[in-house]
Amino acid sequence: MKLQGKKIAILIAPRGTEEPEFVQPKDAVEAEGGTVTVVGLESGTAKTVNNDLDPGGEYAVDKTFNDVSADDFDGLIIPGGTAGADKLRADDTAVAFIRAFFEQKKPVAAICHAPWTLAEADVLKGRKVTSFHSIKTDLRNAGANWVDEEVVVDEGLVTSRNPDDLDAFCARAVEEFCEGKHEEQSRSVA
């Protein structure tokens, strides 16, 4: 129960969040005793996908971005999914919520297309990251040092490429959430 007493936010788009990238990290945090709050753009339920095209499940949204603050949490998980990540990065409230975790030096874990949201939040300058290969140019243009590795940890920021990397991603996310704040997490905030 390494995460007993820790509160972790996990993001979900109304449609298009990649189901395994949502379910596995959530389960990993809860298995270690952490409390997970599902934060979305709209109240009610959200529909996930598998492989960006096949329908996934429906999941309850606990709170919307208007109901929460980064102050309420110890860490943040951002699942991927092309459409889901794109929907999140297009919302100013979601982007501000993500950016606040970096300003507060709190750990953030983002997988697959989720680092798009980090580029939008302008928190990638000088950071070593990985992601789904198709967005590497976007991340480099945002100032990141992109590498093709299973999981990358850079001072509280955990990134991975795709669902095949979930075991390593979840393990490292839990580890960073256990460690808590990282003083260097805010260094990339412009």
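**A friendly note on the sheet, the rings and a tryptophan**

1. Let's start with a charge and a ring. Arg 89 lies over the face of Trp 116, 4.0 Å from the ring centre. Please keep in mind as you look around that this is a predicted model.

2. Now zoom in on one pair of strands. Strand β1 (residues 7–12) and strand β3 (residues 35–40) run parallel, and six bridges join them. If you want a landmark here, look for Ile 12, which stands opposite Gly 40 in β3.

3. The aromatic rings deserve a visit of their own. The count comes to four aromatic pairs. In one of them, Phe 73 and Phe 97 have ring centres 6.2 Å apart and planes at 85°, so this pair is edge-to-face. Phe 73 lies in the loop between β6 and β7 (75–78), while Phe 97 belongs to helix α3 (residues 92–103), so the pair ties together parts that are 24 residues apart in sequence. Both of these phenylalanines, Phe 73 and Phe 97, are buried.

4. Stay with Phe 97 for a moment. Its ring also pairs with that of Phe 101: the centres are 5.1 Å apart and the planes are at 80°, so this pair is edge-to-face. Phe 97 and Phe 101 both lie in helix α3, four residues apart, or about one turn of the helix. Are they buried or exposed? Phe 97 has a relative accessible area of 5%, so it is buried; Phe 101, at 0%, is buried as well. Ring pairs link Phe 65, Phe 73, Phe 97 and Phe 101 into a cluster.

5. Finally, have a look at Trp 146, which is found in strand β10 (residues 145–146). Why is Trp 146 called buried? Its relative accessible area is 9%, and buried means under 20%. Leaving aside residues up to four places away in sequence, Trp 146 touches Val 129, Thr 130, Ser 131, His 133, Lys 136, Leu 139 and Arg 140. With Ser 131 there is also a polar contact, side chain to side chain, at 2.9 Å. To place Trp 146 relative to Gly 40, note that the two are 106 residues apart in sequence and 28 Å apart in space, C-alpha to C-alpha.

Notes:
Residues are numbered from 1 along each chain as its sequence is written. This is a predicted model: local features need pLDDT of at least 70, side-chain atom pairs count only at pLDDT 80 or more; totals for chains, interfaces and linings use all residues. Side-chain values use heavy atoms; hydrogens and water are left out. Two strands pair if DSSP finds at least two bridges between them. Helices (H or I, at least four residues) and strands (E, at least two) are DSSP runs, numbered from the N terminus. Buried means under 20% relative accessible area, exposed over 50%, partly exposed in between (1.4 Å probe, protein chains only). Contact means heavy atoms within 4.5 Å. A polar contact is a pair of N or O atoms within 3.5 Å; within protein, one must be able to donate a hydrogen and the other to accept it, and residues adjacent in sequence count only if both atoms are side-chain atoms. Rings of Phe, Tyr and Trp (its six-membered ring) pair if their centres lie within 6.5 Å; planes under 30 degrees apart count as stacked, over 60 as edge-to-face and the rest as tilted. A charge sits over a ring if NZ of Lys or CZ of Arg is within 6 Å of the ring centre and within 35 degrees of the ring normal.
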